[in-house]
Amino acid sequence: MSCKFLWQFLLHFIAVHYVSGQTCNFGAVPAQCTAPIDFILLLDASLSIREKWPRVQAFAEQFVNLFELDTTGPRISLIAFDKVATLISHFSTDSAQLMQALNTSYPLLDFADITLTHVAFLQAGNEFVQRERNFAVQ
């Protein structure tokens, strides 16, 4: 799967899934992405999302399944945030481990009534620095 297509698909998926509440038809999606890309999925876990958390989890699972995770291919990390950032999973190449971490994260989240996006970006930056791959180019 080309990275250009992936971005177009991802933007379409987010727009369709969250604006209209519909899920996308995955039948037309080509093979999983195998490029050596590191993604950190930042998940809003503020109070306004609490009731919608199962939909956030479903989105994250569908996103993870877009990739053929591998030590020389894509890796994904999951971070939830409200007033603090909660690392759900370090970079992983195990989709089952990512989903287990996400599905057991609910008790760890505060769902505070404030959303501080910058704390999520700071945590993501730390994850990139601490878990850098030896073949990564800066």
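Me: How many helices and strands are in the protein chain?
Reply: Helices are DSSP runs of H or I with at least four residues, and strands are runs of E with at least two, both numbered from the N terminus. The protein chain has four helices and three strands. Along the sequence the pattern is α-β-α-β-β-α-α. This is a predicted model: local features need pLDDT of at least 70, side-chain atom pairs count only at pLDDT 80 or more, and totals for chains, interfaces and linings use all residues. Residues are numbered from 1 along each chain as its sequence is written, and side-chain values use heavy atoms, with hydrogens and water left out.

Me: What share of the residues is buried?
Reply: Buried means under 20% relative accessible area, exposed over 50%, and partly exposed in between (1.4 Å probe, protein chains only). Of the 138 residues in the protein chain, 40% are buried.

Me: How many aromatic pairs are there?
Reply: Rings of Phe, Tyr and Trp (its six-membered ring) pair if their centres lie within 6.5 Å; planes under 30 degrees apart are stacked, over 60 edge-to-face, the rest tilted. The count is seven aromatic pairs. Take Tyr106 and Phe111: their ring centres are 5.2 Å apart and their planes at 45°, so this pair is tilted. Tyr106 is partly exposed, at 34% relative accessible area. Phe111 is buried, at 3%.

Me: Which residues form one aromatic cluster?
Reply: Phe39, Phe59, Phe63 and Phe67 do.

Me: Which ring has the charged end of Arg75 over it?
Reply: A charge sits over a ring if NZ of Lys or CZ of Arg is within 6 Å of the ring centre and within 35 degrees of the ring normal. For Arg75, the ring is that of Phe91, with its centre 4.3 Å from the charged end.
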